[in-house]
Amino acid sequence: MEKVDVAIIGGGPGGATLANILASRGISTALVERQKDFSKEFRGEGLMPSGNEVLEQIGFNLDDVDYRKVEEINLFYKGELEANPEIEFLKKGELRWVSQPQLLEKLIKNASGFDNFIFYRGYKAQDLIYNEDRVDGVLIASGNHEVSIKAKVVIGFDGRTSMVRRKLKFEVKEYKLQPDVLWFKIPYPKKFLPGSQAFFSLFPKSFLVAVPVYDEKLQVGWIIPAGSYGELRKKGQEKWIQYIKEKSPKGFADHLQKCLDEKLISDPFILKMTLDRVKKWNKKGALLLGDAAHTMNAVGGQGLNIALRDAVVCANHLVPLMSGNPSSASLDKAFDAIERERISEVRQVQEIQSRPPKFITLSEFSVQLIVPILRFVFRFNFMTALREATIKRMSRGFSEVKLKI
Ligand SMILES: Cc1cc2nc3c(=O)[nH]c(=O)nc-3n(C[C@H](O)[C@H](O)[C@H](O)COP(=O)(O)OP(=O)(O)OC[C@H]3O[C@@H](n4cnc5c(N)ncnc54)[C@H](O)[C@@H]3O)c2cc1C
């Protein structure tokens, strides 16, 4: 049996960051990650200034990590450019598409420099351990090797399929109508998108998002109605690529055809988007954070950044407590305070994230009505202040998050 102050389940960006802060402040910390290789887990890579600020606060810089800046975003409809808004943080090169496996390896390496940190790589958390009705540990296993970790605090930073959320039957508020995303990568189209540009392309009942990523590739996400991939797969890749080409700007369509001819399209994979949050973030002495507490979809590249910010707020509350011998009541009070400090930002982001997926339920007729409105929003000066206020909050955060300990 291992004994620690804090056991964190999930070595994603949130869990790895929290482990770093706690271990560096002298708190014995166990981090449990089911994957041996971080690239096996798909997660968002768009690092906003709000997330980068957290990494800077823990003394981490991105020098040894591959990333690519995204400097412009274009909006296309029926192959025509509808908007190319001036966005301040993009112009400054502050949106970075960061290799998550490299970022996580570097965070783990940093934490491993502290004697009181232990990393269980390739161990899956199987169940929670209780003392009477309160969680006071976690049972983990790698193959046949089981370890019981006893901890004063157990944190579920275990993402959208959270075991902790499931086992403790947390009550969930769900945003319905979340679509699927068909992901694939192609070489970056240098001729069509000089520099480092992302784009959105609106189709009837679906839309395309394409972002330049660190390995000289373009990551393409086709947002489609939930459950529709089965039909597409039956038709075959050439058919659905043909559909995307017909609706896309010519330069991109030509590039896509070339990639198809030269077999340069990576194997596509389908991912169900989820957007929800638990109604209360702690139960029976266990705390949920990051996607485990509030699963984020891909809209606006927020989830990674929100998880990093959860980690800082959690550390601010836990570190002063853990240096003593905290009572259950004082821990529960701290968990409530963490939720109170984070919920407003999470709620506002999720409201914004819930809007674009509704777009794909619209008919072509409705889309034709909406596109002029979008054009209006992007082109007219008096809309600029409103647009910029939202972009500022989405990029720099809705609340201030500072490491105080
Ligand atoms: C399609 C898509 C695109 C996205 N794009 C972006 C983007 O561009 N920018 C952005 O900011 N966000 C994006 N997001 C959201 C982002 O990926 C998540 O919000 C973010 O990764 C959450 O971080 P986390 O640390 O809470 O959880 P995760 O990153 O999900 O990490 C959880 C970890 O827990 C581990 N784990 C799970 N169960 C167990 C267990 N039982 N035992 C041990 N380990 C376990 C997992 O292996 C995983 O490593 C996207 C999400 C989706 C679905």
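**Entry 1: the ligand shell**

I looked up which residues surround the ligand and found 36, with Glu33, Arg43, Gly44, Asp291 and Leu304 as the closest. I note here that the model is a predicted one.

The largest share comes from α9, which gives four residues.

I sorted the shell residues by class. There are 15 nonpolar, 12 polar and nine charged residues around the ligand.

**Entry 2: backbone contacts of the ligand**

For alanine 125, a polar backbone atom is 2.8 Å from a nitrogen atom of the ligand. For glycine 301, a backbone N or O atom lies 3.2 Å from an oxygen atom of the ligand. For leucine 304, a polar backbone atom is 2.8 Å from an oxygen atom of the ligand. Leucine 304 is also listed among the closest residues of the shell.

How much of the ligand's accessible area does the protein cover? On its own the ligand has 1000 Å² of accessible area, and the protein covers 96% of that.

Most residues other than glycine have a negative phi. I therefore wrote down two exceptions to that general rule.

Glutamate 132 is not a glycine, yet its phi is positive, about 55°. I found glutamate 132 in the loop between β9 and β10 (134-142). Is glutamate 132 buried or exposed? Its relative accessibility is 76%, so glutamate 132 counts as exposed, the cut-off being over 50%.

Lysine 169 is another residue other than glycine with a positive phi, in this case near 50°. Lysine 169 sits in the loop between α5 (163-167) and β12 (172-174). Lysine 169 counts as exposed because its relative accessibility is 67%.

**Entry 3: the second largest pocket**

I turned to the second largest pocket, which holds about 250 Å³ of space. It is lined by 14 residues, and those closest to its centre are Arg134, Val135, Asp136, Ala151 and Lys152.

Which elements give two or more residues to this lining? I listed β1 (2-9), β10, β11 (145-156) and α10 (328-353).

By class, I recorded five nonpolar, four polar and five charged residues in the lining of the second largest pocket.

Terms used
Residues are numbered from 1 along each chain as its sequence is written. This is a predicted model: local features need pLDDT of at least 70, side-chain atom pairs count only at pLDDT 80 or more; totals for chains, interfaces and linings use all residues. Side-chain values use heavy atoms; hydrogens and water are left out. A residue is near a molecule or strand if one of its heavy atoms lies within 4 Å of it. A polar contact is a pair of N or O atoms within 3.5 Å; within protein, one must be able to donate a hydrogen and the other to accept it, and residues adjacent in sequence count only if both atoms are side-chain atoms. Accessible areas come from the Shrake-Rupley method with a 1.4 Å probe; for residues, only the protein chains shown count as cover. Ala, Val, Leu, Ile, Met, Phe, Trp, Tyr, Cys and Pro count as nonpolar, Asp, Glu, Lys and Arg as charged, and the others, Gly among them, as polar. Buried means under 20% relative accessible area, exposed over 50%, partly exposed in between (1.4 Å probe, protein chains only). On a 1 Å grid over the protein atoms alone, a cavity is a set of points where a 1.4 Å probe fits but cannot get out, and a pocket is an open set with protein on both sides within 12 Å along at least five of seven lines; lining residues have an atom within 4 Å of a point. Grid points are joined across faces, edges and corners, and a volume is the space filled by probe spheres set on the points.
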